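Hi,

Here is the structure I promised to pass on. Have a look at it, and then read my notes below.

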Amino acid sequence: MKSKISWVCQECGYESAKFLGKCPECGEWNTLREFKIQSSKIKTSEFAISQKDKTKTAKKISEISYLEKNRISTGFAEADGVLGGGMVPGSVTLLAGDPGIGKSTLLLQIALNLSSSKLKTRQAHIENDALKDAEVAYKNFRVHNAEKVSFSKKKAGGANVHSENFESFPHPVLYISGEESEEQIKMRAQRIGGGNNENLYIASLNDTDRACEIIGELMSSFVIVDSIQTMESEKLSGLSGSVGQVRYGGMAFIKTAKTLNIPTVLVGHVTKEGMVAGPMVLSHMVDTLLFFEGEKFTQTRILRSLKNRFGPVDEVGIFKMDEKGLSEVKDIESLFITEGNSKTPGSVLTVTMEGTRPFLVEIQALCVFSKLPIPRRVASGIDSRRLELLIAVLQKQAKLPIETMDIFVNIAGGLKLSDPASDLAVCLSIFSSFKNLPLWGLVAVSEVGLLGELRNTSFFEKRVKEAQKMGFKKILSAKSHRSLQAVLKDLI
Ligand code: TYD
Ligand code: MG
């Protein structure tokens, strides 16, 4: 058996036939590691479930049946929205996030939703008018299952998926964990109220090939692999988490998912740089890349899609983590606005966009006389360089004498804003704190230029509507004023 030696960059996944000190792809030094790949074994046909490629033929586009309604609801409208209306059968999603942020919890909850009969009513969440009715959704669900069962018998060109045995609702779900023991997962399931589910199967193992076999044996409707970094195969050298193993695992699970038409979610931990650890390669291989983010010390969790072959990108779903797991947040504002701030100076509202969704956020600022030769400027939730720039504009263009002040700016609720439309609100919150002038009730939506000019922002109408919906009528923007100076003049 011939084995091939290949050098793989641990940072970006670049592959080279010989050793290189510096990776030509990402420019990092000393990141290439040697991998021995036994070439005859790594062939994709050797995966646990082989695809009969020889039976494949080309089809006319008109003959290809595509049923949008086959999407499967996760049981969370927030997550379905991010996915573009639910999970697509056979799709592979990479769920990335910091360790401890709640990825396993989210997936276990989705698994419980899917495998319990609760879904029968929750199915109606699918964002498709035809599916608003739970009855219809239930039928479609059965169609999906029929397709799965008859898949192995189906030959190319056959679109007849409505015929066979589909009476297996609710669906079995398989949760493969390389991180936690079966007992630990059971404990977590009990904590979130689903420890006795008959349809949820847990497999605690690290072996990629065996995991693929189990998927094939169980023919479940949904598979979770938690996490891809803990899975390894004997077919190639390298420890779990190495680029080779992760890539092999990714390929094996993707192949299995596509062959059996089972939607699969792979969990990936992110490194401190915010990349999906080591194997960025996976993000190119999967259909959908989701990030689950939030600060560990706040309850808010945001599910964001960065790549989606079946739906929009930049959509977000908002969740709250408490003692009983994650729950969806419908009135987002309650998380980001502090009640009872109406009389306190230093607080100004803005409307930010997360994907295509507007919501109100409170920006808080504190200005105090500094005892330091170089006053402090502390930004949390916004870029600190942006804050420096806005302070400079306030000093120079609006003649606000704040050069001797320590300035602290914070976004309530632990949110991170990179939306330039929050510029004006940041300026006004500093002004409000400096002048001791409460500005609660104002909503400021505008980018501020270096000359203090106000600029139009994207989705302006949507933002205004959101503010009005929440009962805020006074909106400051490029439509109402030409410059920051003009706004401040009006406020005094
Ligand atoms: P987890 O899902 O294990 O994170 P990940 O898989 O992304 O590493 O989440 C672990 C954290 O969530 C842990 O700090 C405890 C907290 N948690 C709750 O607050 N409530 C709950 O109901 C559960 C199950 C976990
Ligand atoms: Mg986990």
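The shell around ligand 1 divides into 7 charged, 5 polar and 4 nonpolar residues; here Ala, Val, Leu, Ile, Met, Phe, Trp, Tyr, Cys and Pro count as nonpolar, Asp, Glu, Lys and Arg as charged, and the others, Gly among them, as polar. Before you go further: this is a predicted model, in which local features need pLDDT of at least 70 and side-chain atom pairs count only at pLDDT 80 or more, while totals for chains, interfaces and linings use all residues. Residues are numbered from 1 along each chain as its sequence is written, chains are lettered from A and ligands numbered from 1 in the order in which they are written, and side-chain values use heavy atoms, with hydrogens and water left out.

Back to the ligand. Of the 16 residues around ligand 1 (a heavy atom within 4 Å), the ones that come nearest are Gly-100, Ser-104, Thr-105, Asp-322 and Gly-325. Polar contacts are pairs of N or O atoms within 3.5 Å; within protein, one must be able to donate a hydrogen and the other to accept it, and residues adjacent in sequence count only if both atoms are side-chain atoms. An oxygen atom of ligand 1 sits 2.7 Å from a polar backbone atom of Gly-325, and an oxygen atom is 2.9 Å from a polar backbone atom of Glu-323. On its own ligand 1 exposes 560 Å², of which the protein buries 75% (Shrake-Rupley areas with a 1.4 Å probe; for residues, only the protein chains shown count as cover).

Which elements give two or more residues to that shell? They are α3 (103-115), α6 (182-191) and β11 (316-322), and α3 supplies the largest share, 3 residues. Helices (H or I, at least four residues) and strands (E, at least two) are DSSP runs, numbered from the N terminus.

Arg-188 has a protein partner too: its side chain makes a polar contact of 2.3 Å with that of Glu-180. Glu-180 is in the loop between β5 (173-177) and α6, and counts as buried at 15% relative accessibility. The classes are buried under 20% relative accessible area, exposed over 50% and partly exposed in between (1.4 Å probe, protein chains only).

Arg-71 is another buried residue, at 5% relative accessible area, in the loop between α1 (39-42) and α2 (77-83). Its side chain reaches the backbone oxygen of Gly-86 at 3.0 Å, and a polar atom of that side chain lies 3.1 Å from the backbone oxygen of Gly-84. Arg-71 and Pro-263 are 192 residues apart in sequence, yet 9.7 Å apart C-alpha to C-alpha.

Now for α11 (residues 384-396). Its buried residues are Leu-387, Leu-390, Ile-391, Val-393 and Leu-394. Exposed Arg-385 and Lys-396 are on the face turned away from the buried side.

Lastly, some backbone details to check. A cis peptide bond joins Asp-226 and Ser-227, with omega about -5°. Phi is positive, near 55°, in Asn-436 and also near 55° in Phe-459. Asn-436 is exposed at 59% relative accessibility, whereas Phe-459 is partly exposed at 41%.

Cheers
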